[in-house]
Every structure is written in structure tokens, then in C-alpha cells.
Amino acid sequence: MPASRSRWMPTRSSASKNRLAKSRSAAMPNDTTLHSPGDDSMSLTASFHRDGYQIIRQALDPAVVRDVGLFLEESLEAFRRSGSAEVEEHTRSGHFPLDVRLSPRLWELPRQESLQAILRDALGTQALFMHMPPTARFIEPGNPLAAVPAHQDVSYNRHMSDFLTVWIPFVPIDDACGGVTMFEGSQEFPELLDDLSRDVWLKPVPTDGLRRIECQPMHPGDILLLNRWIIHESMPNRSSRPRLSIDLRFFGETARSTKHYLDCQSWTVVPPGGAGSGRVA
Ligand SMILES: O=C(O)CCC(=O)C(=O)O
């Protein structure tokens, strides 16, 4: 059975910390609309290269996002009804169970040509590869346990020599149903964490003095690109609805992975040391 929600309600002190965080937050400076006038003359991902992150509005076909979102909603309902002993654990971490994360239904997202064009531009490569499995998340209202503390993605993904992350919401993201907070100016920091011991999450990295940028509002169809160095953390979900999202990690032909990945040319999953890939370090 899912853990009781009352255990997840923010304490007074964390609620006041949230208010403080909000008052120090800035508007997002690097927010781009796909196909807006002027796109042809400049890189689609110029802000990503400069700032380490970028929101691209309506980068994905809303019908595809709706379809994948519906698949996740239905999978979540079925998982909750299953009575599996794993429901509570997954509800706490906010991670969908592995069988859902492995589903080719999720590949509808990387199959989008608009996303592939953005990724080629951002990674500077032709061939695209996606770490498997992607992290599909359901963050229940008021569940602080599922919030990833301040981190650099490189620390969670040392098996890839280079990559970027694409964060995709399936529900409207606003101040209440928060998304991801960036720490401005950290996009070229070295890896800060050397102690990789973890409970659910790695230990938070220090963010003192860095300005917080809340990536909201976002709408289904929008994407958030992040490089592997930029510090970011989950925003709390203070709304009354679950936050459904997915984060996908991509690399190009010059990078290496020692774990499973999806070859986005042949749409096959390559296991570690996979035959014929010649890509595994
Ligand atoms: O979705 C979230 O709450 C956090 C996502 C995140 O930190 C990531 O994709 O690296």
C-alpha cells in the first residue's frame, strides 16, 4: 500500500524555506520557442551551450506527449491496483517500476524528428544514443522523499563519458506543481561530489551563493535541456495532482557508455559490451 500522504506533508520549516527560495528566484532568461523567427540564423541550442540549460517551448508534438503521458497514467493506475509489495517503495522514490521504464512506448519521444534535430545541434553529432532505461517519475503531492537534492547529473551517470539530459513534463508545471530548479552559473563547475555513497539520493552538493532559477511554468510539449555539470534539484510538488515527467539521457557518436543504451538509428537496445557497437569502453 502507498505510504500515508500525511507523512510527506512539508513541515513548517520546510514550507518557510520554500517561501524563501521563491523570493530569491529569478525569471528564466533562456527560454526559446522552437521555430520562432530567427531560429534559422542561429543554433537552436545557443542558450544551452552558454548557460548549461535551456527550455525549448513546444519542441515535441503535443499529441505524442499526450499519448505517452496517457500510457504513464494508465501504467501508474495498474501498478497501484496490482497490490505489489513494491508500490510503497516506488511511490516514495517517485520512480516508475522498471517494466514501465523499459517500454518501447516511451521511445515515441526520441523518435520525434524535432527532438532529434535539437539533440544533434546540442551534442554536435549525427548519431544519437539514449541511456536505458529512462527515468519516468510520478511525484505525489507533498512527497518530499521523491525530491532529488541539489546534484550534477554527472555524479549519477559516471558510466557515460559525455551526455546531456532532456527533462519532459506530461502535466502543466507551475509554482504549485514545481519542476526543476537550476543553480545559475554552475554549468562549468567540475564534479563536486567525491563521496558517491547514497541512500535513495546522493548527498546534496553545496549551492551557497548561487542564484536559483525555477524552470516554471512549463507545458506539455516543452522540454528542458541540461548539461551534465549544471547543479539542479527537484522543486516540491505542492499541487493536488501527481507530477508526471521523464528524464532521458543522450550521447553522440564520440561518447562511450558501459551500460545499456538505445541505438536511435536502428532502435535496438545495446547491452554492455554489445556486439557490433564498438562503442563500449
Ligand atoms: O524530475 C525531478 O524531480 C528531478 C529530475 C532531475 O534531477 C534530473 O533529471 O536530473
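How many bridges join β6 to β9, and in which sense do the two strands run? In this predicted model, β6 and β9 run antiparallel and are joined by three bridges. Within this pairing, V166 has L225 of β9 as its bridge partner. Strand β9 also pairs with strand β2 (residues 53–57), again in the antiparallel sense, over four bridges. There, Y53 stands opposite L226 of β9. Strand β9 itself, residues 223–226, is covered on both faces. I223 and L225 are buried on one side, and L224 and L226 are buried on the other.

Helix α3 spans residues 62–81, a total of 20 residues. The distance from its first C-alpha to its last is 28 Å, close to the 28 Å expected at 1.5 Å a residue. Its buried residues are V65, V68, L72 and L76. These four cover an arc of only 80 degrees around the axis, and therefore lie on the same side of α3. An α-helix has 3.6 residues a turn, so residues three or four places apart point the same way. Just after α3, G83 adopts a positive phi of about 75 degrees.

A further position considered is E184, which lies in the loop between β7 (180–183) and β8 (212–214). E184 counts as partly exposed because it has 16 C-beta neighbours inside 10 Å, whereas a buried residue would need 20 or more and an exposed one 12 or fewer. With neighbours within four places in sequence left aside, E184 is in contact with L210, R211 and I213. For one of these, R211, the separation from E184 is 27 residues in sequence, while the C-alpha to C-alpha distance is 5.4 Å.

Note on methods. Residues are numbered from 1 along each chain as its sequence is written. This is a predicted model: local features need pLDDT of at least 70, side-chain atom pairs count only at pLDDT 80 or more; totals for chains, interfaces and linings use all residues. Two residues are in contact if their C-beta atoms, placed from the backbone, lie within 7 Å. Two strands pair if DSSP finds at least two bridges between them. The expected span of a helix is 1.5 Å times one less than its number of residues. The arc is that of the directions from the helix axis to the C-beta atoms.
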